[in-house]
Amino acid sequence: MTALVELKQQSRALSNGILNPANLHEALEMAGVLCKSSLIPKDFQGNPGNVLVAIQWGMELGLAPMQALQSIAVINGRPSLWGDAVIALCKSHPVCEWIRESFDGEGAAICIAKRKGDPEPVERRFSLDDAKKAQLTGKQGPWTQYPRRMLQMRARSWCLRDAFPDLLRGMAVAEEEQDSTVATVEPPPIDPTATATARLKSRLAPQPALPAPPPNMDAQTGELLPESTEAADPIADLLLLIGEAKSVADLEAHRDAVVALTNGHKKRAREAW
């Protein structure tokens, strides 16, 4: 029974001239075959993952697999729809009543879209002044070669994305996405000495000695004890030398130090003398 259902599905797809994968296995097989073809855009050649994602996006938007590969572009790492595909999707959907595009007397592109059930149409304009403010007019490429076409694509993008967000499902418009500037962050330079061998040597190298603990730290608990508030005796060393003197000559060697003292320190030193 399962084989019969699959055969009917395949026959129906072939009768419509469209090969649609019925499950993930078939989608993977199709992506593997298509990525080897030179007839698909270069973004998808040799990349079955991108092909699979494009096919899935196309199925969600209502595009057949081959239509999806031709209508979806990868720009700045983001899948985007070409402008012709955007208006085709919207016009072919029952919710769209009509879409009109034109230019006004000043050369501004106008796109107006009427959605069934909405009281008013959506109108968007894009003029040459808008392009100048966006710094698009001086760019090499389509903005220099086909400025009117690019104005039309920008007005179309703004209008249809606002009028039919449910049909486009957040997909960017390729012509607009191409003008986006993506900030790139340069990776830090690679240190040629930072090899695996260098890192191993660094780990095996003797580590610097830890700083000596504070004098008021308890050796067992590591607790910092209150520091003593008693000031050190400034003449303790001199009193010790005087006390160790064995002769008058030893005492005379410290006479100048005793004479230089003042106040109570001098009195104490003389008494020790």
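**Entry 1: ground rules**

I am working with a predicted model, in which local features need pLDDT of at least 70, side-chain atom pairs count only at pLDDT 80 or more, and totals for chains, interfaces and linings use all residues. Residues are numbered from 1 along each chain as its sequence is written, and side-chain values use heavy atoms, with hydrogens and water left out.

I looked up the confidence before anything else. pLDDT is the predictor's confidence in each residue, from 0 to 100. The protein averages 81, and 77% of the residues score at least 70. Over residues 10-15 the pLDDT is below 50, and this stretch has 4 contacts beyond near neighbours in sequence. A contact here means heavy atoms within 4.5 Å.

My helix and strand labels are DSSP runs, numbered from the N terminus: helices are H or I with at least four residues, and strands are E with at least two.

**Entry 2: H2 and H3**

How do helix H2 and helix H3 cross? I found that the axes of H2 (residues 24-34) and H3 (residues 48-61) come within 8 Å and cross at roughly 125 degrees. These axes are lines fitted to C-alpha atoms, for helices over the stretch in contact, and angles run from 0 to 180 degrees between N-to-C directions. H2 is therefore oblique to H3. Under 35 degrees counts as roughly parallel, over 145 as roughly antiparallel, 65 to 115 as roughly perpendicular, and the rest as oblique.

H2 passes H3 in a right-handed crossing. A crossing is left-handed if the near helix is turned anticlockwise from the far one by less than a right angle, and right-handed if clockwise. Among the residues making the contact are Leu28 and Ala31 of H2, and Val51 and Ile55 of H3. I sorted this contact by class and got 10 nonpolar, 1 polar and no charged residues. Ala, Val, Leu, Ile, Met, Phe, Trp, Tyr, Cys and Pro count as nonpolar, Asp, Glu, Lys and Arg as charged, and the others, Gly among them, as polar.

**Entry 3: H5 and H8**

Next I checked helix H5 (residues 83-92) and helix H8 (residues 147-163), whose axes come within 10 Å and cross at roughly 40 degrees. H5 and H8 are therefore oblique to each other. H5 passes H8 in a left-handed crossing. The contact includes Asp84 and Ile87 of H5, with Arg149 and Met153 of H8. The classes here are 5 nonpolar, 1 polar and 3 charged.

Strands of a sheet pair through backbone hydrogen bonds, either parallel or antiparallel. Two strands pair if DSSP finds at least two bridges between them.

This open sheet has 3 strands in the order S1-S2-S6, with mixed pairing. S1 (72-75) and S6 (172-173) stand at the edges with a single partner strand each, so one side of each has no neighbour in the sheet. S1 and S2 (residues 78-81) pair antiparallel over 4 bridges, and I noted isoleucine 72 opposite leucine 81. They form a hairpin with 2 residues between them, where asparagine 76 in the turn has a positive phi of about 55 degrees. S2 and S6 pair in the parallel sense over 2 bridges.

My last stop was an open sheet of 3 strands, ordered S3-S4-S5 with antiparallel pairing. Its neighbouring strands are turned by 10 degrees against each other on average, direction ignored. S4 (residues 109-115) and S5 pair over 5 bridges, and isoleucine 110 stands opposite arginine 125 in S5.
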